[in-house]
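Trainee: I am new to this structure and would like to go through it slowly, one question at a time. Could we look at it together?

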Amino acid sequence: MNNAPILLVEDEQHIAQGLIFNLRQEGYLVTHVENGEDALIELNRKTFALIILDRMLPDGLDGLEVCRRIRALDPQLPILMLTAMGREQDRIDGLSEGADDYLSKPFNLSELLLRVHGMLRRSAWYRTPARLERSYSFGASQIDLDSGEAKNQESHFQLTELELRMLKLFFSHEGEVLSRAYLLRAVWGMAPDTETRTLDNFIVRLRKYFEKNPARPRHFVTVRGQGYVFYKKP
Ligand code: CA
């Protein structure tokens with residue numbers, strides 16, 4: 001999991017500098033911001049493998065609100081929350097808003113690095129989509145999820161591994177909006193470059209394969225500003 005891109009949201013300079021230094025020593029690619037607004041901007045721009053999020057942030061958006069907004073878009077991005085010592089309610093709030101783990105300040109640096117490492121390892125494991133039947137049908141299409149053989153109304157064809165991986169994600173999250181960041185991370189792994197049009201090109205291809213009218217998709221639908229959603233029955 002080295003080279004995993006990590007977003008650090010921390011306004012206290014001395015803590016941030018120490019973390020940046022040590023995370024980079026471990027090989028992680030660290031992006032640092034000091035408030036919630038900037039965190040959301042970065043999350044829109046880039047794909048991260050994990051976020052370290054301070055609970056107490058300046059300027060309006062606190063860590064809890066940031067956590068809530070991340071979860072609305074990406075149910076799987078690992079979030080490690082940093083809380084003030086002795087504030088048990090902070091930890092409970094953080095976990096109930098979707099943080100995966102927390103550490104109280106002042107924390108032990110080695111422990112933080114171990115948690116980060118463990119969270120990344122588990123997230124790679126869980127990223128594998130839920131179990132599906134071997135064959136999946138919708139509309140006039142049928143897909144063999146083991147072999148990647150597919151057919152639509154007109155023809156038989158072979159899906160690539162990445163196309164198949166993306167389809168499995170859609171099928172196992174039917175009716176849920178999947179954010180661009182989530183899809184990029186889940187299909188392409190740690191690719192930090194979300195400027196790429198690759199994702200859009202993939203969606204265009206899936207529509208060509210499986211939509212009656214690719215220009216007016218009813219299965220693979222764009223949700224503006226959020227991502228894509230798959231409907232089995234349009
Ligand atoms: Ca703070």
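Trainee: Which residues lie nearest the centre of the second largest pocket?

Mentor: The second largest pocket holds about 330 Å³ of space, and its lining divides into 5 nonpolar, 6 polar and 6 charged residues. Of the 17 residues that line this pocket, those nearest its centre are Gln-153, Phe-210, Glu-211, Lys-212 and Asn-213.

Trainee: How many residues line the largest pocket, and which of them lie nearest its centre?

Mentor: By class, the lining has 10 nonpolar, 7 polar and 9 charged residues. The lining comprises 26 residues, and those nearest the centre of the largest pocket are Leu-43, Asn-44, Leu-73, Ser-179 and Ala-181.

Trainee: Which residues coordinate the calcium ion?

Mentor: Along the sequence, the donor residues of the calcium ion follow the spacing D-x42-D-x1-M. At 2.1 to 2.3 Å, the ion is coordinated through OD of Asp-11, OD of Asp-54 and O of Met-56, so the residues you asked for are Asp-11, Asp-54 and Met-56.

Trainee: Is Asp-54 buried or exposed?

Mentor: A residue counts as buried when its relative accessible area is under 20%. Met-56, also a donor to the calcium ion, has 46% relative accessibility and therefore counts as partly exposed. For Asp-54 the relative accessible area is 3%, so Asp-54 is buried.

Trainee: And Lys-233, is that residue buried or exposed?

Mentor: Lys-233 lies in the segment after strand S12, which covers 227–230. A residue counts as exposed when its relative accessible area is over 50%. Lys-233 has 72% relative accessibility, so Lys-233 is exposed.

Trainee: What distance separates the C-alpha atoms of Lys-233 and His-219?

Mentor: Along the chain, Lys-233 and His-219 are 14 residues apart. In the predicted model, the separation of their C-alpha atoms is 7.2 Å.

Key:
Residues are numbered from 1 along each chain as its sequence is written. This is a predicted model: local features need pLDDT of at least 70, side-chain atom pairs count only at pLDDT 80 or more; totals for chains, interfaces and linings use all residues. Side-chain values use heavy atoms; hydrogens and water are left out. Donors are N, O and S atoms within 2.8 Å of the metal (3.2 Å for Na, K and Ca); water is not among the atoms, so sites may look incomplete. Buried means under 20% relative accessible area, exposed over 50%, partly exposed in between (1.4 Å probe, protein chains only). Helices (H or I, at least four residues) and strands (E, at least two) are DSSP runs, numbered from the N terminus. On a 1 Å grid over the protein atoms alone, a cavity is a set of points where a 1.4 Å probe fits but cannot get out, and a pocket is an open set with protein on both sides within 12 Å along at least five of seven lines; lining residues have an atom within 4 Å of a point. Ala, Val, Leu, Ile, Met, Phe, Trp, Tyr, Cys and Pro count as nonpolar, Asp, Glu, Lys and Arg as charged, and the others, Gly among them, as polar. Grid points are joined across faces, edges and corners, and a volume is the space filled by probe spheres set on the points.
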